[in-house]
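Here is a short tour of a few residues, with the structure alongside so that you can follow each stop. Please keep it open as you read.

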Amino acid sequence: MKAITLNDVIKKNLKDPEFRKLYEKEQLINAIAQMVLQMRKNAGLTQLQLAEKAHTTQPVIARLESGKDSRTPSLDLLMKIAEATGFKINIGFT
């Protein structure tokens, strides 16, 4: 009996347009979370310091970095975080 992997299940379910849409959204949220975490670390800031520089709160930064929040961060928030860490936003479509 062949084992079924998570990748097998995902690949099969990606044929469903609704699943694909939600999966791609989660992938984007996780990618943003990783980028924000890396930018903060590169800037040598704690979550609290970044929150203060970006005019938000530490729990917002923690939620964003965790990638577990199903809400998509606003462009305004991402711009504030980029500025606070010395980065610029570059958006592209493929």
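How exposed is Gln38, by relative accessibility? At 43% relative accessibility, Gln38 counts as partly exposed, a class lying between buried (under 20% relative accessible area) and exposed (over 50%), with a 1.4 Å probe and protein chains only.

## About the model

This is a predicted model, in which local features need pLDDT of at least 70 and side-chain atom pairs count only at pLDDT 80 or more, while totals for chains, interfaces and linings use all residues. Residues are numbered from 1 along each chain as its sequence is written, and side-chain values use heavy atoms, leaving out hydrogens and water.

## Helix H2

Gln38 is found in helix H2. Helices are DSSP runs (H or I, at least four residues), numbered from the N terminus. Between Gln38 and Glu65, 27 residues apart along the chain, the C-alpha separation is 9.3 Å.

Arg40 also lies in helix H2, which spans residues 17-42. Arg40 counts as buried because its relative accessibility is 11%. Its side chain is joined to that of Glu65 by a polar contact of 2.5 Å; such a contact is a pair of N or O atoms within 3.5 Å, and within protein one must be able to donate a hydrogen and the other to accept it, with residues adjacent in sequence counting only if both atoms are side-chain atoms. Setting aside neighbours within four places in sequence, Arg40 is in contact (heavy atoms within 4.5 Å) with Leu45, Thr46, Gln47, Leu50, Glu65 and Thr85.

## The loop at His55

Now look at the loop between helix H3 (47-53) and helix H4 (58-66), where His55 has its place. His55 is exposed, with a relative accessible area of 66%. The phi of His55 is near 60°, a positive value in a residue other than glycine.

Technical notes. Helices (H or I, at least four residues) and strands (E, at least two) are DSSP runs, numbered from the N terminus.
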